[in-house]
Amino acid sequence: MALIVQKYGGTSVGDIDRIKNVARRCIAAQAAGNDVVVVVSAMSGETNRLLKLVSQITDRPSEREQDVVVATGEQVSIGLVAMAIQSQGGQATSFMGHQVQIVTDSTFSKARIKRIDAEKIVEALKQKHIVVVAGFQGQDEQGNVTTLGRGGSDTTAVALAAALKADACEIYTDVDGVYTTDPNVCPAARKLDRISYEEMLDLASLGAKVLQIRSVEFAMKYKVPLWVKSSFTDDPGTLVCEEDKSMENVVVSGIAYDKNEAKLAINGVPDTPGVAAKIFGALDSQNIVVDLIVQTASREGRTDLSFTVGKTDLPKARETVERVAKEIHAGGVETDGEVAKVSIVGVGMRNHSGVAAKMFQVLASEGINIQLISTSEIKVTCLIHSKYTELAVRALHTAFGLDKAPAAS
């Protein structure tokens, strides 16, 4: 008998018919001889509705109290799913995060899981119940309700799979797997049969919305076999797993993009020790995450420093950087909110030369100027003007042989 953790997102439980469909799937998985733990999100749109209520009370809510409000969405879902399973002849028990002791730190609205006490789940499974657990939520050491941030139900599912030593974790969503790129941008995108943890981690961090990045980190750390499947079809989906030799034969596995980027450039920065620490320390104190960073060669004791932040952080970042620039006697600060990251990802890059050069040539042939470049062992990222994003994705997808094979005549 295998133990399977299934996770269903908001669209999968978006209405009563879909909740009944989830119940059927859970019962079928159990009937196939498996122990089943199912993690569910709030119904589609519910979290946004709750956040809107919060915003109507105050512009600056207590994050603790906001978590109390938004965590209720999952409570509704688990109760409905458990009842749907029961109404179809199955046995089910629902649990909220605090009931199964999903203990987190105290960073409200984006808490991190510290440990899980799975005893109640194990006992319910012994009684042949399907266990329905609220995703996205937990409690801190003081007993406060916490939430894990957007997409946090993915993390709940993988963390439970790790704690229970599950045979597999299946993430059910409204897409039938992981694609070589966004099919909405590139119709030639292909569904992948499998992808390595490292590649999925990079794709998630670079803008792919299929899996929440922390869920992939958990899966990689604890070696949880992770499936991405559609809750509306019986397609086998995509397996996210450990890398093997055959994966290295594919140079590029996927193309990611992210338009939620903004660029800042500080001109005439004094090229002296501690200056960069002062700039980025000030941004860190404002909880602003910095991504790409490029510094030019020093000339006459001065250098130019460019970097990117999330687009929503641009106003706060500009204010912070302008203040620090005055303190360090730098030149002007320039900003650009019309930029995007385009990235190629593949474990095969480790063993193939010329991959970055090919990417640059493809972009050049399309007349796309590269503003910043970042590389790692398995990815190359270029910052470009946002209006060229779709063109760049399609051109790179074709150039690296990711388009669908032509149909047989």
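This is a predicted model: local features need pLDDT of at least 70, side-chain atom pairs count only at pLDDT 80 or more; totals for chains, interfaces and linings use all residues.
**Close-up 1. A network of salt bridges links E198, E243, R350 and E377.** E198 belongs to helix α7 (residues 197-205), whereas R350 sits in the loop between β16 (333-345) and α11 (355-365), so the pair ties together parts of the chain that are 152 residues apart in sequence. E198 has a relative accessibility of 32% and therefore counts as partly exposed, and R350, at 28% relative accessibility, is likewise partly exposed, because that class covers values between the 20% limit for buried and the 50% limit for exposed.

**Close-up 2. E141 and R115 form a salt bridge.** The closest N and O atoms of E141 and R115 are 2.9 Å apart. This pair links distant parts of the chain, with E141 in the loop between β7 (137-139) and β8 (145-147) and R115 in strand β5 (residues 113-116), 26 residues apart. E141 is partly exposed at 42% relative accessibility, and R115 is partly exposed with a relative accessible area of 44%.

**Close-up 3. A salt bridge joins E46 and R49 within helix α2.** The side chains of E46 and R49 meet at 2.7 Å, N to O, and both residues lie in helix α2 (residues 46-57), where they are 3 residues apart, about one turn of the helix. R49 has a relative accessibility of 44%, which means that R49 counts as partly exposed. In total, the structure holds 19 salt bridges, among them the pair E46 and R49 shown here.

Technical notes:
Residues are numbered from 1 along each chain as its sequence is written. Side-chain values use heavy atoms; hydrogens and water are left out. A salt bridge is a side-chain nitrogen of Lys or Arg within 4 Å of a carboxyl oxygen of Asp or Glu. Helices (H or I, at least four residues) and strands (E, at least two) are DSSP runs, numbered from the N terminus. Buried means under 20% relative accessible area, exposed over 50%, partly exposed in between (1.4 Å probe, protein chains only).
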